[in-house]
Amino acid sequence: QVQLVESGGGLVQAGGSLRLSCAASGGTFSSYAMGWFRQAPGKERELVVGISDIGSTRYADSVKGRFAISRDNAKKAVYLQMNSLKPEDTAVYYCAAATTWYSIHSQTEIAYWGQGTQVTVSS
């Protein structure tokens, strides 16, 4: 079993940056595909970016060029560097783990979810 805990959310002005962290415990972290999802009020949850067990990434079009995911298997952590933040980035951000890369990409069979961290971007 994997437990995920996010941190790093907060309130930031448009154009600013935040770095989210997701710390994992339990399981074999390095074998999981990881992802960052977000959900804004009244909207569907969306995949922000996924990263495979070997470091392949896929970004949502809305964040390409602004966000960057990375993972540190030694620390059992995954990070989301968010730059040039926009008000539309405001959402609760969730870290997730899945046994396959496809599960992250397709948002199916997500095995574990973090509790979420709020990101609010003001104008």
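## Overall form

A contact, as the word is used here, means heavy atoms within 4.5 Å. Of the contacts in the protein with a separation of 6 or more, 58% are between residues 24 or more positions apart. The model is a predicted one.

The protein contains one helix and 11 strands. Read from the N terminus, its elements follow the order β-β-β-β-β-β-β-β-β-α-β-β. The radius of gyration is 13 Å, close to the 14 Å that the globule rule gives for 123 residues, so the protein is as compact as a globular protein of that length. Its C-alpha trace spans about 40 × 25 × 25 Å along the principal axes.

Of the 123 residues, 41% count as buried. The accessible surface amounts to about 6100 Å², and carbon and sulfur atoms hold 47% of this area.

## Nonpolar cores

The largest nonpolar core is made up of 29 residues. Met34, Trp36, Leu80, Met82 and Tyr93 have the most contacts inside this core. Two or more residues come from each of the strands S3 (18-25), S4, S5 (46-51), S7, S8, S9 and S11 (117-122).

Methionine 34 illustrates how such a residue is surrounded. Leaving aside residues up to four places away in sequence, methionine 34 touches Leu4, Cys22, Phe29, Val49, Gly50, Ile51, Arg71, Val78, Cys95, Ala96, Ala97 and Ile104. Another core, of seven residues, lies apart from the largest one; Ala33, Phe37, Ile104 and Ile110 are among its members.

## Salt bridges

Side chains of opposite charge can pair when their charged atoms come close. A search of the whole structure gives four salt bridges. In one of them, the side chains of arginine 38 and aspartate 89 meet at 2.9 Å, N to O. This pair links distant parts of the chain, 51 residues apart: arginine 38 belongs to strand S4 (residues 33-39), while aspartate 89 is in the loop between strand S8 (77-82) and strand S9 (91-98). Arginine 38 and aspartate 89 are both buried.

Aspartate 89 also forms a salt bridge with arginine 66, with 2.7 Å between the closest N and O atoms. Aspartate 89 lies in the loop between S8 and S9 and arginine 66 in the loop between strand S6 (57-59) and strand S7 (67-72), so the pair ties together parts that are 23 residues apart in sequence. Both residues of this pair, aspartate 89 and arginine 66, are buried. Through shared partners, salt bridges join Arg38, Glu46, Arg66 and Asp89 into one network. A further salt bridge brings together the side chains of lysine 64 and aspartate 61, at 3.0 Å from N to O. Lysine 64 and aspartate 61 are both exposed.

## Aromatic pairs

The structure has three aromatic pairs. The rings of tyrosine 32 and tyrosine 112 have their centres 6.0 Å apart and their planes at 70°, so this pair is edge-to-face. The two residues stand 80 apart in the chain, tyrosine 32 in the loop between S3 and S4 and tyrosine 112 in strand S10. Tyrosine 32 is buried because its relative accessible area is 12%, and the limit for buried is under 20%.

Elsewhere, ring pairs link Phe37, Tyr94 and Trp113 into a cluster.

## Loop residues

Most residues other than glycine have a negative phi. Glutamine 107, which is not a glycine, has a positive phi of about 60°. Glutamine 107 is found in the loop between helix H1 (101-106) and strand S10 (112-113). With a relative accessible area of 29%, glutamine 107 is partly exposed. Glutamate 109 also has a positive phi, near 55°, and is located in the loop between H1 and S10. Glutamate 109 is exposed, its relative accessible area being 66%.

Lysine 75 is placed in the loop between S7 and S8. Is lysine 75 buried or exposed? Lysine 75 is exposed, because its relative accessible area is 58% and the exposed class begins over 50%. Lysine 75 and serine 25 are 50 residues apart in sequence, and their C-alpha atoms are 9.6 Å apart in space.

Notes
Residues are numbered from 1 along each chain as its sequence is written. Side-chain values use heavy atoms; hydrogens and water are left out. Helices (H or I, at least four residues) and strands (E, at least two) are DSSP runs, numbered from the N terminus. Buried means under 20% relative accessible area, exposed over 50%, partly exposed in between (1.4 Å probe, protein chains only). A nonpolar core is a set of buried Ala, Val, Leu, Ile, Met, Phe, Trp, Tyr and Cys residues joined through side-chain atoms within 4.5 Å. The radius of gyration is taken over C-alpha atoms; the globule rule is 2.2 Å times the number of residues to the power 0.38. Accessible areas come from the Shrake-Rupley method with a 1.4 Å probe; for residues, only the protein chains shown count as cover. Rings of Phe, Tyr and Trp (its six-membered ring) pair if their centres lie within 6.5 Å; planes under 30 degrees apart count as stacked, over 60 as edge-to-face and the rest as tilted.
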